[in-house]
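The entries follow the order in which I looked things up.

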Amino acid sequence: TYSKMATVSLGFNIDSPRWDQSTFVGRLKHFLNITDPRTVLVPEEELDRAKALVEGCRAGLVPPGSSQEQLLYAKKLYDSAFHPDSGEKMNFIGRMSFQVPGGMAITGCMLQFYRTVPAVVFWQWVNQSFNAFVNYTNRNAASPISLRQIGVAYVTATGAALATAVGLNLYTKRAPPLLARWVPFAAVAAANCVNIPMMRQQEIINGITVTDDNNNELGRSRRAAVKGISQVVLSRITMAAPGMIILPIIMERLEKYTFMQRIRVLHGPLQVLLCGGFLLFMVPAACALFPQRCSLALADLEVELRDSIVAKHGDKVPYVYFNKGL
């Protein structure tokens, strides 16, 4: 408890990024740290202790004898499991640290069971259910969304994925086999273009909070929301692309070998493992494509908000900042 803690000056800011977030490499190192799939195995009690330690450190209080490495590990656990806006613990399935184990299982099965319409329907439905959890969990928490809006977003995205997958599946019956293997990726990309904007529609309708460089609130912007959500859509498609485009080529070639034809029952597990290999790198790489703390030039804001900021601050605020979500 904090009553047993002492005020310690470590010259250390626990919220200061360990790596330069203005560069892709710095962001990649950051997301390799917080999307580490091993953190999903950490017990809830340890996550709660990490949160208490981070909040205590923010207040200038740390347990006597704590090392900087312990504080950094606590911050890693905190960032992996708690929402950056609200500080609330995120649901297990929606955490970015669960993207590798969850994504590899679902993606591997989508790539393996693509030949029949019932299998396509089932695995696209499973994938969109998983995506709905992830998108809701990683939304900008300052923009609440109703259960009805969540339901509409889920049904619409699932419908888009199924229409794309089933339509292309039927269309590619007479096409080269490799084209049929790429159908799941086309469905995933189409669904992402629907699912994420629908799940975060309140941000587009009402705008999201934007701040100055010192985190002072300046107002709400719909254009900022559109920019943030567009970047998230692109990141999610990029996250899936290498595994879902390259792996079908690999499997198409491997399945021509006699030994692979003898072990067909292992094709599914093999694709799951290979998907995991792709996602181990692509989850942090895709998250790192754009800065988490997104910026927008004052000139690109809505006229009313821009005029309001200029009236209060003059030319001291050339850019506004906001959390784009993941």
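**Charged pairs and the domain interface**

E255 forms a salt bridge with R181, with the closest N and O atoms 2.4 Å apart (a side-chain nitrogen of Lys or Arg within 4 Å of a carboxyl oxygen of Asp or Glu). R181 is likewise listed as buried, at 3%.

I noted that the model is predicted: local features need pLDDT of at least 70, side-chain atom pairs count only at pLDDT 80 or more, and totals for chains, interfaces and linings use all residues. Residues are numbered from 1 along each chain as its sequence is written, and side-chain values use heavy atoms, without hydrogens and water.

I then turned to K89 and D48, whose side chains meet in a salt bridge at 2.9 Å, N to O. K89 is partly exposed at 30%, and D48 is partly exposed at 39%. I also recorded a salt-bridge network that links D15, R58, K75 and D79. The rule gives 12 salt bridges.

Next I read the domain assignment, automatic or from a database: domain 1 (6–82) and domain 2 (96–203 + 227–282). Between them I found 0 salt bridges. The two bury about 530 Å², 71% of it from carbon and sulfur atoms (accessible area, 1.4 Å probe, lost on being put together, summed over both parts). T35, P37 and V40 supply 62% of the area that domain 1 buries against domain 2.

How values were computed. Buried means under 20% relative accessible area, exposed over 50%, partly exposed in between (1.4 Å probe, protein chains only).
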